[in-house]
Amino acid sequence: MLKMLDQEEYFYGHKGCGGCGGSLAVRLALKVLGKNTFVVLPAGCMSAVGFVYPQLCFSVNALISPFASTAAMLSGIRVAAKSLNITDCNVVGFAGDGGTADIGLQALSGAIDRGDKIIYICYDNEAYMNTGVQQSSLTPYGARTTTTPPGDHIHGSTNNKKDMFEIVAAHHIKYAATASIGNIPDYIRKVEKAKNINGTSYIHVAAPCPTGWGIESSDTISIAKEAIECGLWYLVEYEDGVYKLNQEIQEYTSIKVYLKKQARFKHVTDDDIKIIEEQRDKKNNFIKGKVKKI
Amino acid sequence: MKNKVFVSGDEAVALGVKLAKPNVIAAYPITPQTIVVERLAEMVEKRELEAEYMYVESEHSALAAVMGASVLGARTFTATSSQGLLYMAEVMHYASGGRVPLVMMNANRSVALPWSIFGDQRDSLSLLDSGWIQVYVEDAQESLDMIIQAYAIAEHKEVLTPVMINLDGFVLTHTFEAIEVPTQEQVTKFLPKFELEGKMDLDNPKNLFFSSSPAHNILFKAQQHQAMEHSRIIIEELDKQYEEITGRGYGGLATGYKTEDADIIIITLGSITGLVKDVVDALRVEGQKVGVVKIRYMRPFPEKEILQLCKNASNIGVLEKDISFGYHGTVYTNVADALRTTGKKLINYVAGLGGKNVSFNDIKNIFGELKSIDDGQIVQTVNFVGVEG
């Protein structure tokens, strides 16, 4: 277990918004993985804020892949490293929710199927944020985005938020986990774990976006915590077929209070909240069932 | 003793790749693929080729994977065809813009709709602007030799541009010929170990494939164009070196056959050249001054070579398996630009689309038609061959 974080900065000087959850996830993961790391980023917030020539913000090897190709490029690097006898290295990708659950899903599935020793980290801010907050398939029910404007007829996104963790686990991947920047010790432990997995690992880290969510930039961590406490996000691991819940919530806090702190949910009605509560209960029961079975 | 084998165009490519000793091969088996990658898989399995073979879930991923591998300093190979090539289109621009020295084989096959598994050249010609060096070969021997030359061209530090070797689907990929295989010593002498300056390196980290502002972007694009233009000299030099080592050279971006005194010339691309040469020989027996110009590289385009080879001809036909709907065939448009100041009569023959056979007589008729154009006569520019019936 990692006791102290590396003092070195590997993602520094980027132009991310104040309170950016995604950039924190990247920064922390690289402190765990260290200097012998190859990073792949697709088009997305992190490549937009950290990768504009001549201001390049990674002090480890890094490149931007085509939008759909994060996992394919990670695999290519790992396979080349094997061929060239570069053994002591990490190959890690950081893709957003859209880059993972929408356009990058096919390549991710292919990489997990091959079992290449790569770490795929999805930083989930629940919409296409760097292009102006458009809906992705991980945008939660009710959320306002620029492509799901709330009105009299449709109250924002009608998505059910794809269960990426379960999709990945269904590949019988070596290691998968959900995480949150609302629980940094847990996230760090999971990145450390992924580093030592001999095969493909996937971490889905909840990473709030003050700009897209309509919260104060100082509230990123606290809102991420609250998402866990109200049951809309859970921390779970899957390893060699075994599911494990990492943070048991005895009593959920109010979903309404969580939602109403965010401008993107300002319009939701009590009926909407009921639907969101039902979704929460279904998802939590589903995952608890998985944990119990083992 | 020379090593002669009887192989298909596909197998010739696989033999060439094996001799180039790639580190990483990534391929998707369909949309459609060729047996090139099957032969390579067998070679890897038998340890005749010490490469990592990656099975990927799409062509898009195949090209992305070899890009990632290449910038780590690995020599790579991938192959595709038709729809698969089009699916790669995004990554093709990406690779050339990133100056990644990839080598890819493409089997030229028709693109849907209508679906067709047969050959034409609309797949690769529609990607002429993707920044890749495009080579079109005539036979299995040239396929093998050009795969080896392609690595030397792509990886040359003054070029650093990906190269696509195009073989006509079926006509070339699926037919068998006797070819000569160079020795490993010869190839090793010609093709140095892959050393990529500016590769990703744990001791000297790089940030690659970045964004750029408008101020810088045009500079990178100008450099990309300059590298492609400069490749003309490198291509010729490398072909000469290859000839010195193996005894086989191909003569640069375009070559002529009996063009010296020809009044009438047909310009071709790919495997149809052999048939046109046969017709030229037959018509020469009858005393007709005809010739053929074979375009070997569509990019960089052999403008000067075509001007030189066609200098004595008055009537020229461009025969191609392509059409850019609403104008001409793409080869014609390029040739017309090369000959724009010469006042020669130029006609476009669009043939062989979707695998339609082009016969000896079809070509003979084209020469006949070209010969019969009188001064001042207005002729239709684009003519489809074999549409009737």
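Strand β6 (residues 119-124) of chain A is mostly covered in this predicted model, with 6 of its 6 residues buried. The cover reaches both faces of the strand. On one side sit A:I119, A:I121 and A:Y123, and on the other A:Y120, A:C122 and A:D124.

β6(A) has strand partners. Strand β5 (residues 90-96) of chain A pairs with β6(A) over 5 bridges, in the parallel sense. Strand β8 (residues 201-206) of chain A also runs parallel to β6(A), and 6 bridges join these two. A:G96 stands opposite A:Y123. A:Y123 also stands opposite A:V205 in β8(A).

A further parallel pairing crosses from one chain to the other. β4(A) is joined by 2 bridges to strand β9 (residues 207-208) of chain B. There, A:L63 has B:L208 as its bridge partner.

The table sets these pairings out.

| Strand | Partner strand | Sense | Bridges |
|---|---|---|---|
| β5(A), residues 90-96 | β6(A) | parallel | 5 bridges |
| β6(A) | β8(A), residues 201-206 | parallel | 6 bridges |
| β4(A) | β9(B), residues 207-208 | parallel | 2 bridges |

Now follow chain A past β6. A:N130 lies in the loop between β6 and α6 (164-169) of chain A. Is A:N130 buried or exposed? A residue counts as buried if 20 or more other C-beta atoms lie within 10 Å of its own. A:N130 has 22 other C-beta atoms within 10 Å, so A:N130 is buried. Which residues does A:N130 contact, leaving aside its neighbours within four places in sequence? They are A:G44, A:C45 and A:A48. A:G182 makes another reference point: A:N130 and A:G182 are 52 residues apart in sequence. Their C-alpha atoms are 22 Å apart in space.

Next comes the place where the two chains meet. Here 34 residues of chain A are in contact with 36 residues of chain B. On the chain A side, the elements that give two or more residues are β2 (51-53), β4 (61-64), α3 (70-83) and α5 (105-114). α3(A) gives the most, with 10 residues. What classes of residue make up the side of chain A that touches chain B? There are 21 nonpolar, 11 polar and 2 charged residues.

Chain B has a helix worth a look. Helix α3 (residues 59-70) of chain B has 12 residues. At 1.5 Å a residue, this helix should span 16 Å. The C-alpha atoms at its ends are 16 Å apart, which agrees. All of α3(B) is buried, 12 residues of 12, so the helix is largely enclosed by the rest of the structure. Its buried residues include B:E59, B:H60, B:L63, B:M67 and B:S70.

Finally, consider chain B as a whole. Chain B is divided into domain 1 (3-246) and domain 2 (254-384). The C-alpha centres of these two domains of chain B lie 28 Å apart. Across their boundary, 26 residues of domain 1 are in contact with 20 residues of domain 2. Four elements of chain B each supply at least two residues of the domain 1 side: α6 (122-125), β6 (133-136), β7 (163-168) and α9 (214-246). By class, the side of domain 1 that touches domain 2 has 11 nonpolar, 8 polar and 7 charged residues.

Conventions: Residues numbered from 1 in each chain as written. Chains lettered and ligands numbered in written order. Predicted model: local features only at pLDDT ≥ 70, side-chain atom pairs only at ≥ 80, totals over all residues. Domains from an automatic or database assignment. Contact = placed C-beta atoms within 7 Å. Nonpolar A, V, L, I, M, F, W, Y, C, P; charged D, E, K, R; others polar. Pairing = 2+ DSSP bridges. Expected span 1.5 Å × (residues − 1).
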